[in-house]
Amino acid sequence: MTITATELGVVLLIAIMTVVTLLTRFGGVFAMSFVRISPRIESFINTMASSVLIAIIVPMAFSGDAGAIAALSVTAVTMLLLQKPLPAIAAGIASAALVRYLF
Amino acid sequence: MPNHSYPYQLQPRKVRAEFVRLFPISLFVVAFGTAFGLAAIQSGLAPLEAILMSTTVFAGASQFAALELWGKEVPILPLVAVVFAINSRHLLMGASLYPMLKDVSPGKRYSLLLLLTDANWAVSAQEYQNGRRNLEVILGGGLVLWLAWIFGTWLGVYFGGLLQNPKNLGLDMVLGCFLLSMALGGKKSPRVLVSWAVAAVASLAAWKWLPPNTHVVTGALAGGLIGYFWLDKKPAGQASQEAEQS
């Protein structure tokens with residue numbers, strides 16, 4: 001099944017993408033409205049939430065180039081030292097740019 | 001039955017403050033949007049179509065992935081599958097905000113979710129871990145990120161040539177660095193560190209062996225299982241066997 005990328009077709013494709021994305025935005029909350037929040041569920045939610053971040057970042061580091069690895073390690077070190085996000089992010093991005101410029 | 005009082009009141013002042021607070025990161029989102037706008041034009045989308053997509057979909061990684069499928073004919077099922085897989089992390093992100101979202105009316109709850117994206121969610125989830133309730137950042141922060149994404153796409157569509165290779169400037173790492181800095185803020189209990197290790201291993205395994213784009217959900221659920229079986233008050237021993245299973 002395909003949609004031809006005419007003007008109407010593209011609008012239809014974008015509508016499909018929008019609906020699918022909305023389902024993901026709404027779905028988790030909708031499902032939770034049927035769940036009683038016990039301490040166990042609360043604990044699940046909390047560890048899951050910070051695990052989302054790890055599950056995004058770790059494969060990103062493993063699949064990334066030297067610049068990506070530099071960015072993430074510099075961000076980590078700066079953040080652990082200063083506990084301030086913006087300098088950590090800025091240093092990370094700058095080191096990715098620097099590594100890619102040099103190598 | 002749930003009771004129908006909704007104690008969480010969104011404070012307009014705090015919403016504005018969160019809009020301003022996420023403004024710096026939204027500048028990076030503009031750059032990312034510019035890269036998307038340029039890529040969209042190169043894939044054959046018309047300028048208004050690219051801007052429409054950014055406005056209504058508002059999920060960068062999945063939009064880039066959709067461009068890979070773009071051509072004279074676009075296959076529907078692969079498009080739905082890839083968009084769903086990449087954005088399925090929203091399911092977990094939304095669920096993790098439920099303890100706060102249940103305290104606003106359903107209308108407001110689902111309106112807030114329209115603006116749910118990685119950066120504003122990361123702030124809200126992180127503050128919740130540290131005992132602060134902040135839905136204002138979903139609204140205020142989400143708005144500034146959404147506007148930045150649309151504005152960036154517009155820039156890329158018309159002036160994309162200015163930013164031929166955003167990777168050279170490290171701009172592809174903005175979100176990764178931002179999320180990492182969110183994760184590392186504050187104190188971590190042993191329970192959280194164990195769940196991170198499990199999430200890291202599970203996400204890598206999924207990335208290697210499972211279908212593409214399933215690694216975030218797999219890793220997050222594996223990490224969540226640690227929390228499910230290892231409550232803060234209970235002795236630490238229970239977590240180890242669970243780590244084996246996931």
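Between domain 1 of chain B and domain 2 of chain B the count of salt bridges is zero, and in this predicted model the polar side of the interface instead amounts to two residue pairs in polar contact, both at pLDDT 80 or more. The two parts in question are domain 1, covering residues 12-187 of chain B, and domain 2, covering residues 188-246 of chain B.

Taken over C-alpha atoms, the centres of domain 1 of chain B and domain 2 of chain B are separated by 25 Å. Where the domains meet, 12 residues of domain 1 of chain B are in contact with nine residues of domain 2 of chain B, and the area buried between these two domains of chain B is about 720 Å², with carbon and sulfur atoms giving 65% of that area. On the side of domain 1 of chain B, the residues that lose the most area to domain 2 of chain B are Ala85(B), Leu92(B) and Lys187(B), which together account for 49% of what that side buries.

Sorted by class, the side of domain 1 of chain B that touches domain 2 of chain B consists of six nonpolar, four polar and two charged residues.

Terms used
Residues are numbered from 1 along each chain as its sequence is written. Chains are lettered from A and ligands numbered from 1 in the order in which they are written. This is a predicted model: local features need pLDDT of at least 70, side-chain atom pairs count only at pLDDT 80 or more; totals for chains, interfaces and linings use all residues. Side-chain values use heavy atoms; hydrogens and water are left out. Domain bounds come from an automatic or database domain assignment. Contact means heavy atoms within 4.5 Å. Buried area is the accessible area (1.4 Å probe) that two parts lose on being put together, summed over both. A salt bridge is a side-chain nitrogen of Lys or Arg within 4 Å of a carboxyl oxygen of Asp or Glu. A polar contact is a pair of N or O atoms within 3.5 Å; within protein, one must be able to donate a hydrogen and the other to accept it, and residues adjacent in sequence count only if both atoms are side-chain atoms. Ala, Val, Leu, Ile, Met, Phe, Trp, Tyr, Cys and Pro count as nonpolar, Asp, Glu, Lys and Arg as charged, and the others, Gly among them, as polar.
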